[in-house]
Amino acid sequence: MSFSSNEQLISEPVSPEEGSFDFASMAQGMPGVPLSFTWRDTEYRVSKILETRKSLRSCHSGSNEKYVNKHFFKIETETGEIMTLYRTRSGSKKDNWTLYTIENRPQQPSDTAPMRIAVLVSGGGSNLQSLISAQVSGAQCGYEIALVIADREDTHAIERAKKHGIATALALPPKDVPRAEARLAISDRVLDLAREYGADALVFAGFLTIMSGKVISEYSNRIVNIHPALLPKFGGKGMWGHHVHEAVLAAGEAESGCTVHLVDDGCDTGPILIQRRVPVLVDDTVDTLAARILEEEHIAIVEGVSVLATRLAGKI
Ligand code: GRF
């Protein structure tokens, strides 16, 4: 099976998410492509099936009959990658899915420039610190912090940014307005600031305002959030800070961790970029579990933002 010169050969296995198969294809007698799968620890979701084809092989018996060897699916992901997957099946064993190729994106002049990010914070800013430290260490992390925005006054996070000479701004809720209106005002202010500072992406690093309005669509697939649990478990409304860890302990989970994901218009529902896991220990309290996870968050946030930078630069 050949592939074109603008495609990069990958040929690595992917893990389909159970229950995510495309039933429309299956109804037409085709194998259902997994609409959500993980490759190299990153979750991809299919937004479009662009093309399907089969490769045929002669039977080993020497007869002229042919059988379908591989089913190929060219797909587009929600984050814009064009990928070709194929399915192989051996006897009665379960299907294997392979990422065959990824289409190279056209090179932009800005591809070599780091992705400019606005980091949004509400508290201590230890995740922000991790992003700053990776940037100043000179590691090839692919991003540059253009601005730090807080939704409240006197956060330690803002102090951390100032100490490193990074621009800061506030997006405060207007007083005496309903919560939805306050959220929209903060969101619109964030969008204005992001445009003013030329931010390519937004990073919510312990940011507690749920965003709404134009910023979500204008920065679609360019907003990163960190959540202190293994989404999709223990996410959604009311699941923040210690509430998350309380719920994990109450459910008797054997493990927890953190998730870096893209933000969509739901709450903690967007495509996952990176997850890191920790065991839940028998004598864990909310505080000990939170501290163990926070250490992993510090690694995951840098990795997750770097993954987005790589994607936006069209390198994968
Ligand atoms: C982290 O646990 C993050 O997951 C949660 O808030 C905390 C922020 O910590 N949403 P910091 O402000 O980065 O220290």
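What follows is a short exchange of questions and answers.

Modeller: This is a predicted model, in which local features need pLDDT of at least 70 and side-chain atom pairs count only at pLDDT 80 or more, while totals for chains, interfaces and linings use all residues. Residues are numbered from 1 along each chain as its sequence is written, and side-chain values use heavy atoms, with hydrogens and water left out.

Colleague: Which residues are around the ligand?

Modeller: A residue counts as near a molecule if one of its heavy atoms lies within 4 Å of it. By that rule the residues around the ligand are Gly 124, Gly 125, Ser 126, Asn 127, Gly 206, Pro 228, Leu 294 and Glu 297.

Colleague: Which helices each supply at least two residues of that shell?

Modeller: Helices are DSSP runs of H or I with at least four residues, strands are runs of E with at least two, and both are numbered from the N terminus. The helices asked for are H2 (126-136) and H7 (286-312).

Colleague: How far is an oxygen atom of the ligand from an N or O atom in the side chain of Glu 297?

Modeller: A polar contact is a pair of N or O atoms within 3.5 Å. The side chain of Ser 126 has an N or O atom 2.5 Å from a ligand oxygen, and a backbone N or O atom of Asn 127 lies 2.8 Å from a ligand oxygen. For the side chain of Glu 297, the distance is 2.6 Å.

Colleague: How much of the area that the ligand exposes when taken alone does the protein bury?

Modeller: Accessible areas come from the Shrake-Rupley method with a 1.4 Å probe. Taken alone, the ligand exposes 360 Å², and the share of this that the protein buries is 79%.

Colleague: Which side chain meets Glu 253 in a salt bridge?

Modeller: A salt bridge is a side-chain nitrogen of Lys or Arg within 4 Å of a carboxyl oxygen of Asp or Glu, and the whole structure has 15 of them. In the one asked about, with 2.9 Å from N to O, the partner of Glu 253 is Lys 233.

Colleague: Where is Pro 232, which a cis peptide bond joins to Leu 231?

Modeller: The bond between Leu 231 and Pro 232 is cis, with omega about 10°. Pro 232 is found in the loop between S12 and H6.

Terms used. Polar contact = N/O pair within 3.5 Å; in protein donor to acceptor, adjacent residues only side chain to side chain.
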